[in-house]
Every structure is written in structure tokens, then in C-alpha cells.
Amino acid sequence: MRYKFLTAAFAATVALNFAGPAAATDLEVTHWWTSGGEAAAVAELAKAFDATGNHWVDGAIAGSGGTARPIMISRITGGDPMGATQFNHGRQAEELVQAGLMRDLTDIATKDKWTEIVRPKSLLDSCTIDGKIYCVPVNIHSWQWLWLSNEAFQKAGLPVPKDWNEYVKDAPALEKAGIIPLAMGGQPWQASGAFDVLMAATGGTDTFLKVYKDKDAKFAAGPEIAKVFKAADDARKMAKNTNVQDWNQATNLVITGKAAGQIMGDWAQGEFQVAGKTAGKDYTCLPGLGLNEVIATGGDAFYFPLLKDEAKSKAQVVLAETLLDPKTQVAFNLKKGSLPVRGDVDLNTANDCMKKGLAILAKGAVMPWTDQLLSQDTQKQKEDLFSEFFAKPDMTLEEAQKRFADIIASAD
Amino acid sequence: MSSSKRPSKLFRNLNAKVASVPMILTALVVFVGGTAWTVLYSFTNSKLLPRLNFVGLDQYHRLWSTSRWLVSIENLLIYGAISLVFSLIIGFLLAALLDQKIRFEDTFRTIFLYPFALSFIVTGLVWQWLLNPDFGVQRVVRDLGWTSFSFDPLYNSSIVIYGISIAALWQGTGLVMCLMLAGLRGIDEDIWKAARVDGIPMWKTYLFIVIPMMRPVFITTLVIIAAGIVKVYDLVVAQTSGGPGIASEVPAKYVYDYMFFAQNLGQGFAASTMMLLSVVIVIVPWAYLEFGGKKRG
């Protein structure tokens with residue numbers, strides 16, 4: 001009896017193996033979406049792709065982009081490319097494209113009229129190198145958000161602040177109530193990102209562009225940026241008691257009311273959602289820290305390495321089309337907490353915070369982000385500087401600003 | 001010409017020579033070739049992919065003006081001094097104590113050597129928990145009643161490198177102890193007897209007779225410890241990932257971060273060349289002293 005069952009099971013596996021390659025193509029997709037909210041979002045992409053009759057082989061790499069990108073790049077340069085891979089569009093994959101390792105998607109883009117559907121236009125521009133399109137943007141992520149825990153402010157007997165300046169004033173009262181005023185994880189990119197947000201919010205869009213786009217070192221050493229460093233100093237004092245590393249652990253401090261707020265990109269929203277919190281009731285979000293309501297059009301995009309396998313190349317096209325499909329866009333971005341890349345989709349079910357973001361986007365108040373403006377090398381130097389700055393209370397503002405200006409002077 | 005002409009020197013021991021060809025090739029291509037390639041490209045401005053676009057000493061100039069690199073070097077020196085001195089002293093003391101013909105010697109030896117069986121990653125994680133103020137040593141002591149007790153080396157920029165050294169010592173001393181014990185066992189019983197007859201106290205026998213006789217063992221140990229110091233990377237990653245801030249960065253981590261995270265191969269190569277150079281500066285004079293003067297076999 002048992003023997004028969006085993007034979008049947010064995011036969012079934014063999015049959016399945018036969019059916020596999022004929023019906024569907026396996027396409028490995030690597031990404032670094034591993035936190036709760038992110039994993040839920042990426043499952044939507046996989047579901048949509050599997051529905052086309054192909055098979056999404058999930059290649060999640062834990063430990064945020066900094067850890068994942070070197071692995072992805074060495075696989076591509078080492079001759080073992082995956083079917084598709086996530087990058088932040090902008091300059092991260094620039095050299096891979098120049099070395100001819102990535103697939104040119106211009107034909108598909110013209111056929112499907114990407115230039116008409118993708119909004120804002122700057123997204124597609126970041127995917128374009130020498131007039132050819134190399135990536136599919138899937139979402140818009142902006143860094144410039146302040147997430148506040150309503151519960152924490154209630155406990156301290158304070159109203160929820162309207163902007164960064166009010167928030168800084170509340171810090172002593174929060175501390176007295178045993179609440180960490182500002183949660184900030186120890187990963188270097190968090191420190192450097194928070195500084196950029198403070199620059200865009202307290203200094204304004206022009207200041208930001210002058211430093212990061214024009215790379216004006218003299219300006220970076222000047223009084224405008226000194227003010228930004230003053231704000232960063234406030235943040236440093238407020239964050240000094242956070243003993244966590246990962247961004248989602250820091251977000252969790254805000255979710256549980258142990259910390260009052262966090263400067264973090266809109267991907268933090270997915271975490272609030274997974275925890276079952278409601279925007280406006282349990283937590284408050286302030287785009288641009290409530291000071292400068294502009295959002296950056298950074299985000300995630302998928303790049304397709306050049307493959308020899310014919311079937312897989314075809315599957316790449318299907319995946320590219322799936323990613324921009326209106327239905328996928330809605331399902332994915334709702335879970336991810338990011339904004340869709342097309343303007344013609346219906347986001348009725350979006351929550352408070354996403355609606356705020358969509359409204360800003362509709363007004364056209366957008367700006368580029370550091371991923372698009374700076375090379376990875378410069379980004380890393382910035383990360384080193386700011387992780388030191390935020391961890392070392394005795395580092396003076398003058399010293400930090402001088403080193404910042406040096407980095408900008410040699411930036412590319 | 002006689003028919004019994006001596007075969008050419010080249011063909012003597014032919015089998016042995018053929019057998020060593022793969023190793024020679026590996027050494028030449030992988031070690032020497034790879035090193036030469038790295039040094040060559042450290043003079044270029046290679047970013048994500050290696051390119052032969054020479055920029056002279058620019059990468060080195062930038063390297064030595066980067067505060068993170070300077071912090072890394074300083075940390076390596078502190079870490080190196082601590083692990084060298086303490087693992088030798090503690091290792092030797094443990095070995096000398098075990099050598100007193102005590103009971104359960106095997107058990108103690110196993111206990112002391114056990115940490116060495118763990119990788120640096122596991123060691124790092126264990127010590128990260130032990131030194132974490134919220135659930136490690138500090139918490140235990142506070143729960144016992146000393147509420148003002150504070151011990152959080154990994155969260156304090158100025159002493160974090162010592163926190164890392166503790167873990168390294170815990171892991172590495174066992175091996176040093178074993179090497180030393182082997183050395184001690186190699187000392188002839190008669191020497192001990194002679195010393196006793198002459199009425200030399202035990203500590204003096206160790207210091208002036210036994211230790212000088214153990215010179216080869218000390219040199220082997222020194223090389224093993226020194227190699228471990230220069231390449232320290234995973235312990236730091238597991239314990240602090242370089243934090244708080246950049247306070248516990250080490251050179252090997254700088255190399256990795258700049259090669260892969262920052263996509264700047266040139267900078268990473270320059271840093272690794274500097275690491276190689278520091279090893280060479282230490283090794284060459286020593287090798288000269290050790291093997292230079294006298295010809296052997």
C-alpha cells in the first residue's frame with residue numbers, strides 16, 4: 001500500500017517537473033524588500049507576475065540596500081545575472097549600463113508609451129542613459145517625512161506638533177515623560193538621509209539643489225548650511241537615547257509609543273499599516289517636516305540584465321509590462337506605502353498620508369533626491385560623516401560642516 | 001663521455017617537482033598575480049568596474065585625509081597591542097598552570113580551547129548580547145541591587161574598541177594556551193631537575209630558562225596572532241558594525257565598504273595596498289633576522 005503511494009507521489013513529481021518549463025519560465029528577481037510591509041508588497045508583484053503564466057523566483061536579500069547591492073552587482077559582473085533586479089533608480093546602476101550589462105528597454109517603452117503614462121517625467125529621466133531607457137520605475141519614495149506617535153504626545157500632555165520647529169520645542173517635555181524624542185537607528189544611511197531631509201525642509205529646495213546638484217562647496221561651507229547643521233544638532237540631541245540599529249526597529253519605537261517621532265521615508269508607512277495603526281488617529285505624518293511640502297521623486301526601479309536565454313528574455317518583457325500595469329501599481333503601492341508611478345490609477349483606498357503625498361505630487365511640487373544626484377562614492381562618504389556626527393555628541397558643528405564642504409568639493 | 005653522466009639538476013626529484021606545480025601556480029597566479037593587479041589598479045580611478053585610467057597617488061592622498069581611515073588605523077593599533085600582549089600573557093599563564101600536573105587537565109584544556117571552535121561571527125554576537133546594557137552584564141548586576149552600575153563598552157565611542165578586544169581575547173587565548181602547552185611539554189624533564197638541584201625558584205626557571213628555550217613556539221604564535229589582527233573584520237561587523245558612528249571601524253572593513261558599497265574600487269585597492277604594506281614592514285625585517293644570516297640545508 002505504502003509502496004504504491006510512494007510510486008504515485010514520485011510519478012506526480014516527475015509529471016510536475018515536465019510540466020514546469022513548458023508552461024512557465026522561472027525568472028529570478030532580486031530585491032531588498034524584507035521588512036513586514038515590504039514583504040507584503042513584493043508578494044503582490046509576485047502574484048501579478050505568476051498570473052501571466054510565468055514564475056517569480058523570489059531572491060530577497062536581507063539587510064537593506066547597502067548589503068544587497070554589492071551582492072547583486074557582483075552577480076551581474078561575475079556572469080551569473082538574475083532575471084531582474086531592484087535598484088534605486090538614478091546612479092546606482094550607471095556603470096553597469098555603461099558596461100553594456102543591462103538590457104535596453106527602449107523598444108518596449110515606445111510600444112507601451114511609457115513617456116505618456118509615467119509621472120512625474122523625471123522618473124523616466126533617471127532611467128535614461130544616452131537616450132535609452134534601462135529601467136522600469138515601480139514607485140515613488142520620498143524621504144521627507146516626519147512620523148509622529150499621537151500616543152506619545154498624549155502621554156506627555158502635549159498637542160501633536162504641526163512642524164519640525166514645534167517638535168523640537170516639545171523635546172524636553174517628552175524626555176521628562178520618559179519618551180525618546182526622536183528615534184534614529186544606527187545604520188549609516190539613516191543618519192545621512194535624515195540630514196538631507198533637514199536640509200530640504202529647513203533650507204528649502206533651492207539650497208538642496210545648490211549643494212547636491214551644483215555641488216557648490218563654497219555654499220556648503222556658508223551660513224545657509226550652518227543653519228541646517230544647527231537643526232541636525234537638535235536632532236542629534238533628541239535621538240541620543242535610541243539604542244537600535246535597523247530603521248524598522250526605530251519605526252517600531254514610534255509605533256509602540258516609546259519614541260515620539262522619526263524622520264524616515266514613506267516606506268515607514270508600511271510598518272504602521274502592518275501593525276494595524278490608522279493614519280491621523282494613531283500616528284501623524286508631516287511631509288517635508290511640515291516646513292517645505294515638496295516630495296523627492298526617488299524610488300525603486302527594476303533593471304533587467306542582458307540574458308542569453310531566449311525564454312527568459314521574453315519573460316523579462318512580460319515582467320516589465322506587469323510592473324507598470326495599473327492594477328499591479330495600485331496593489332503594490334498600497335501595501336508598500338509608496339506612491340504609484342502613473343497618474344491615471346485609482347487610489348481611493350489610500351490612507352491619509354498617501355493622499356497628502358498624492359496631493360503634493362499633483363501640484364507638481366517635486367524635487368530630485370541624492371540617489372539621482374550623487375555617486376555611490378559620495379553617498380558613502382556622506383554616510384561616514386553623518387553616522388559619526390550623530391553618534392558623537394562632542395563633534396562640533398564647525399568641524400562637521402567643514403568636512404561636509406570637503407566632500408561636496410570632491411563630489412561627483 | 002661516460003654513459004653514467006649525472007642527470008641535469010632540473011630533473012632530479014622529478015616527481016616531487018611535478019607534484020608541486022599546481023601549488024606553485026596557485027601561489028604565483030592567485031597570490032602574487034592578484035596582489036600585483038590590486039596594487040596596479042590602486043593607482044587608477046576605477047569605480048564600479050576596473051579601468052586602467054591612471055591618476056597617480058590621488059587615491060592614497062584621499063585615503064590618508066579620510067578621518068574614517070585614520071580612526072581605523074588607530075583602532076587596529078589599539079586592538080593589535082591588546083590582543084598581542086594579553087593573549088600571549090594569559091595564554092602562557094594558563095599553559096604554565098596547566099603544566100603543574102594538575103588533575104582534570106584534559107577537562108580544563110577543553111574548556112579553554114572551546115571558544116576557538118566558534119567563528120568570529122558567533123563570538124561577536126554572543127559578546128554583543130553580553131555587553132548590551134539592556135540585557136547583558138549591566139542588567140544582571142543592576143538586578144542584583146547595584147542600580148547605578150554602568151558597563152556598556154559597545155555603546156561608548158571612546159572605549160568600544162576595548163569591548164571588541166575582550167571578545168577577541170576570549171576567543172583566541174585558548175589556542176595560544178595550547179601552543180604554549182605544547183612548547184612547555186617539549187622542554188626536557190632533566191632541565192627542570194637540574195634547575196631544582198641548583199635551587200633556582202620556579203618563576204625564575206620559567207622566565208630565564210624555559211621561555212628562551214621556547215623561542216620557536218613564541219614566533220609561531222606571534223605570526224598566528226599578528227595575521228589574525230590585521231585581517232579582523234567579522235568580529236567588528238557582528239558586534240558593532242563599526243559603530244557607534246565610526247568609532248570601531250577597522251581597515252579591512254574600510255576596504256570592503258569602499259570596494260562594494262561605495263562602488264569605488266580604486267579607493268578600496270589603495271586601502272588594501274596600505275594594509276599589505278604594513279604587513280610587509282613588520283614581516284620583512286623579522287624574516288631577514290630569522291632566515292637571513294645563516295644558510296640552512
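Helices here are DSSP runs of at least four residues, strands are runs of at least two, and both are numbered from the N terminus. Keep in mind that this model is predicted.

**Stop 1: chain A**

Select chain A. By that definition, it has 21 helices and 13 strands. Its radius of gyration is 23 Å, close to the 22 Å that the globule rule gives for 412 residues, so chain A is as compact as a globular protein of that length. The C-alpha trace spans about 70 × 55 × 40 Å along its principal axes.

How many of the 412 residues of chain A count as buried? The share is 51%. Now think about contacts between residues at least 6 apart in the sequence of chain A. Of these, 77% join residues at least 24 apart.

**Stop 2: helices H2 and H17 of chain A**

Select residues 36-50 of chain A for H2, then residues 326-336 for H17. Colour them separately. The two helices pack at an angle of about 165°, with axes 7 Å apart. Angles over 145 degrees count as roughly antiparallel, and therefore H2(A) is roughly antiparallel to H17(A). Their crossing is right-handed.

Which residues of H2(A) and H17(A) meet? Show side chains.

- From H2(A): Gly37(A), Glu38(A), Ala40(A), Ala41(A), Glu44(A), Leu45(A) and Ala48(A).
- From H17(A): Thr328(A), Ala331(A), Phe332(A), Lys335(A) and Lys336(A).

The residues of this contact divide into 6 nonpolar, 2 polar and 4 charged.

An α-helix has 3.6 residues a turn, so residues three or four places apart point the same way.

**Stop 3: around H17**

Stay on H17(A). Its buried residues are Thr328(A), Gln329(A), Phe332(A), Asn333(A), Leu334(A), Lys335(A) and Lys336(A).

Step past the end of the helix. H17(A) is followed by Gly337(A), which has a positive phi near 80°.

**Stop 4: helices H10 and H13 of chain A**

Select residues 188-203 of chain A for H10 and residues 223-238 for H13. This pair packs at an angle of about 125°, with axes 9 Å apart. That angle makes H10(A) oblique to H13(A). The crossing of H10(A) and H13(A) is right-handed.

Show side chains again.

- From H10(A): Ala194(A), Phe195(A), Leu198(A), Met199(A), Thr202(A) and Gly203(A).
- They meet, in H13(A): Glu224(A), Lys227(A), Val228(A), Ala231(A), Ala232(A) and Ala235(A).

Sorted by type, the residues of this contact are 8 nonpolar, 2 polar and 2 charged.

**Stop 5**

Most residues other than glycine have a negative phi. Here are two to check against that.

Select Asp130(A). Its phi is positive, near 55°, and it is not a glycine. Asp130(A) sits in the loop between strand S4 (128-129) and strand S5 (132-133) of chain A. Is Asp130(A) buried or exposed? Asp130(A) counts as exposed because it has 8 C-beta neighbours inside 10 Å.

Next, select Lys215(A). This residue has a positive phi of about 50°, although it is not a glycine. Look for Lys215(A) in the loop between helix H11 (205-212) and helix H12 (217-220) of chain A. With 18 other C-beta atoms within 10 Å, Lys215(A) is partly exposed.

**Stop 5: chain B**

Hide chain A and select chain B. There are 13 helices and 0 strands in chain B. The radius of gyration of chain B is 25 Å, well over the 19 Å that the globule rule gives for 297 residues, so chain B is more spread out than a compact globule. Its C-alpha trace spans about 95 × 70 × 30 Å along the principal axes.

Buried residues make up 31% of the 297 residues in chain B. Among contacts in chain B with a separation of 6 or more, 69% involve residues 24 or more positions apart.

**Stop 6: where the chains touch**

Bring chain A back. The contact takes 19 residues from chain B and 18 residues from chain A. On the chain B side, select helix H12 (residues 251-261). This helix gives the most to that side, with 4 residues. The residues of the chain B side divide into 10 nonpolar, 5 polar and 4 charged.

Methods:
Residues are numbered from 1 along each chain as its sequence is written. Chains are lettered from A and ligands numbered from 1 in the order in which they are written. Axes are lines fitted to C-alpha atoms, for helices over the stretch in contact, and angles run from 0 to 180 degrees between N-to-C directions. Angles under 35 degrees count as roughly parallel, over 145 as roughly antiparallel, 65 to 115 as roughly perpendicular and the rest as oblique. A crossing is left-handed if the near helix is turned anticlockwise from the far one by less than a right angle, and right-handed if clockwise. Two residues are in contact if their C-beta atoms, placed from the backbone, lie within 7 Å. Ala, Val, Leu, Ile, Met, Phe, Trp, Tyr, Cys and Pro count as nonpolar, Asp, Glu, Lys and Arg as charged, and the others, Gly among them, as polar. The radius of gyration is taken over C-alpha atoms; the globule rule is 2.2 Å times the number of residues to the power 0.38. A residue is buried if 20 or more other C-beta atoms lie within 10 Å of its own, exposed if 12 or fewer, and partly exposed in between; C-beta atoms are placed from the backbone.
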